[in-house]
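Colleague: Could we go through this model together? I would like to begin with a helix and then move on to other topics.

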Amino acid sequence: MDLPSFIWLWRIAAWSMGFSITAYLLLAISGAGLFYTRSDQRLDQRLRRPSWLRSVHFTTGILMVLLVLLLLSIGIIGTLGEFGHLGHSLHLPAGLFVVVVTLVSAWSATRINPERPWARTLHLSLNAVLLFAFVAVTASGWSVVQKYL
């Protein structure tokens, strides 16, 4: 296929990546709020967790998972359409790593409760790894963009 027919796909990918990083940052902020209000039992009533914070965190996490899956599908469709095969750069393994870490982090979030303390630790650890994975996929994605331009 001609490159111009894929421009719309790359625009969607660029916006999705931007929204994914924004969602990650919002999750870090809301997650820090959840952590702070959970761990400090001495907080007075005014500083306790707002009732909406957990649902905003959960909804933003779902949106980020959907964006990452959208990016995966765009990458596969666009790469197959342009090159006819996958695996011509480090962007594929970096992207697959982001997808796996994101999905396992989302799964671990659903397991968090007082009877499973390992789930919170796993969730927080994976989110730290996800930061570096996003940096790697962004850097490798920049080299892929250069091939198309």
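Colleague: What span should the 31 residues of α2 have, and how far apart are its end C-alpha atoms?

Modeller: The model is predicted, and every value here is computed from it. At 1.5 Å a residue, α2 should span 45 Å. Its end C-alpha atoms are 44 Å apart, which agrees with that expectation.

Colleague: Let us step back. How many helices and strands are in the chain?

Modeller: The chain has four helices and zero strands. Read from the N terminus, its elements run α-α-α-α.

Colleague: What percentage of the residues count as buried?

Modeller: Of the 149 residues, 32% count as buried. The accessible surface of the chain is about 9,500 Å², and 72% of that surface belongs to carbon and sulfur atoms.

Colleague: Which residues of α2 are buried?

Modeller: In α2 the buried residues are L53, H57, T60, G61, M64, V65, L67, V68, L71, I74, G78 and T79. As a general point, an α-helix has 3.6 residues a turn, so residues three or four places apart point the same way.

Colleague: Which ones are buried in α3?

Modeller: The buried residues of α3 are A94, G95, V98, V99, V101, T102, S105 and S108.

Colleague: What share of contacts in the chain comes from residues 24 or more positions apart?

Modeller: Among contacts with a separation of 6 or more, residues 24 or more positions apart account for 72%.

Colleague: Could you give me some pairs? How far apart in space are F19 and M64?

Modeller: Their C-alpha atoms are 7.9 Å apart, although F19 and M64 are 45 residues apart in sequence. F19 is in helix α1. F19 counts as partly exposed because its relative accessibility is 46%, a value between the 20% limit for buried and the 50% limit for exposed.

Colleague: Is R54 buried or exposed?

Modeller: R54 is exposed, because its relative accessible area is 53% and exposed means over 50%. This residue lies in helix α2.

Colleague: Where is V104, and how exposed is it?

Modeller: V104 lies in helix α3 (residues 91–111). At 33% relative accessibility, V104 counts as partly exposed. The C-alpha atoms of V104 and L126 are separated by 7.8 Å, and the two residues are 22 residues apart along the chain.

Colleague: Which helix gives the most to the nonpolar patch?

Modeller: Helix α2 (residues 53–83) does, with five residues. L69, a member of the patch, lies in that helix, α2. Its relative accessibility is 33%, so L69 counts as partly exposed. In space, L69 and T102 are 9.5 Å apart, C-alpha to C-alpha, while in sequence they are 33 residues apart.

Colleague: Finally, what follows α2?

Modeller: G84 follows α2, and the phi of G84 is positive, near 85°.

Terms used. Residues numbered from 1 in each chain as written. Predicted model: local features only at pLDDT ≥ 70, side-chain atom pairs only at ≥ 80, totals over all residues. Heavy atoms only, no water. Patch = residues over 30% accessible without salt bridge, like charges linked within 9 Å, V, L, I, M, F, W, Y side chains within 5 Å. Areas by Shrake-Rupley, 256 points an atom, 1.4 Å probe, with all protein chains shown as cover. Salt bridge = Lys/Arg side-chain N within 4 Å of Asp/Glu carboxyl O. Helix = DSSP H or I, 4+ residues; strand = E, 2+ residues; numbered from the N terminus. Buried < 20%, exposed > 50% of the residue type's maximum accessible area, 1.4 Å probe, protein only. Contact = heavy atoms within 4.5 Å. Expected span 1.5 Å × (residues − 1).
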